[in-house]
Amino acid sequence: MAVEHRGSLVRRGALWRIAAGQRGYFTAAQAVESGYSYQSQRYHAHRGNWVSVDRGLYRLPEFSDLPTEGDEQLVRWWLWSKGRAVISHASALAAHDLGTANPSRIHLTVPRGFRQKSETVILHRAELRAADVEHRQGYRLTTPIRALVESAADGYDQDVLEGAVAEALERGMVTRRGLLHAAQLLGSRAELGVERALGAAS
């Protein structure tokens, strides 16, 4: 009995270490790595020991009572994508606290072969360079400069874009020259949106 209890503590500790770096979220695959069979996963979800968030995605209930940092949902969708998605476009602007972007759905950039779907997210298919991506605790997102130009290329609300560009310039997160160059790489729509935003910021 003591051995069984010790094994339970080891499994719990392993799972906790994973979930703690992901705002309490973890996948079924990560639970298996920690020593929980799929049968035991169903047991813990049924008993309320774990909160079932989505198919194959759980959260430890203790984390629901902690103060939120506003980006828990970003962790959740990064895990939903099995770590393949990058928070992007207007969602990345909001995560960087640039302008007043507050999209109703989460924007994710995913590889072209990505097959998962959800009505809660908007998927953008592209291959991002390492330089375009930042790492945060539990998820990845596009850099401020990439978030600005991809939002412009997507035709996002020009007033919101202008406010975001002005803030990014004021905070030293981007330069005019760098922003224009990045926009040129994404095409004429991005260039036009960024040029207008820079003009408004003059």
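## The chain as a whole

Of the chain's 202 residues, 42% count as buried, where buried means under 20% relative accessible area, exposed over 50% and partly exposed in between, with a 1.4 Å probe and protein chains only. The model is predicted, so local features need pLDDT of at least 70 and side-chain atom pairs count only at pLDDT 80 or more, while totals for chains, interfaces and linings use all residues. Residues are numbered from 1 along each chain as its sequence is written, and side-chain values use heavy atoms, with hydrogens and water left out.

Nine helices and eight strands make up the secondary structure; helices (H or I, at least four residues) and strands (E, at least two) are DSSP runs numbered from the N terminus. Along the principal axes, the C-alpha atoms fill a box of roughly 70 × 35 × 25 Å. Taking contacts between residues at least 6 apart in sequence, 58% join residues at least 24 apart, a contact being heavy atoms within 4.5 Å. The accessible surface is about 11100 Å², and 49% of that belongs to carbon and sulfur atoms; the areas come from the Shrake-Rupley method with a 1.4 Å probe, and for residues only the protein chains shown count as cover.

## Aromatic rings

How many aromatic pairs does the structure hold? There are seven, counting rings of Phe, Tyr and Trp (its six-membered ring) whose centres lie within 6.5 Å, with planes under 30 degrees apart called stacked, over 60 edge-to-face and the rest tilted. Two of these pairs are worth a look.

Trp 16 and Phe 63 make a tilted pair, 5.1 Å centre to centre with 40° between the planes. This pair links distant parts of the chain, since Trp 16 belongs to helix 1 (residues 2-20) and Phe 63 to the loop between strand 3 (57-59) and helix 4 (72-80), 47 residues apart. Trp 16 is partly exposed, whereas Phe 63 is buried.

In the other pair, Tyr 36 and Trp 50 have ring centres 5.0 Å apart and planes at 75°, so the pair is edge-to-face. Here Tyr 36 sits in the loop between helix 2 (28-33) and helix 3 (38-47), and Trp 50 in the loop between helix 3 and strand 2 (51-54), 14 residues apart. Ring pairs also join Tyr 36 and Trp 50 with Phe 26 and Tyr 58 in a cluster.

| Residue | Relative accessible area |
|---|---|
| Trp 16 | 34% |
| Phe 63 | 11% |
| Tyr 36 | 6% |
| Trp 50 | 3% |

Why is helix 6 (residues 144-153) described as largely enclosed by the rest of the structure? Eight of its 10 residues are buried, among them Pro 144, Leu 148 and Glu 150. After the helix comes Gly 155, with a positive phi near 75°.

Pro 144 and Ala 95 are 49 residues apart in sequence and 9.4 Å apart in space, C-alpha to C-alpha. Ala 95 lies in helix 5 (residues 89-95) and is partly exposed at 22% relative accessible area. Leaving aside neighbours within four places in sequence, Ala 95 contacts Leu 74, Arg 136 and Leu 141.
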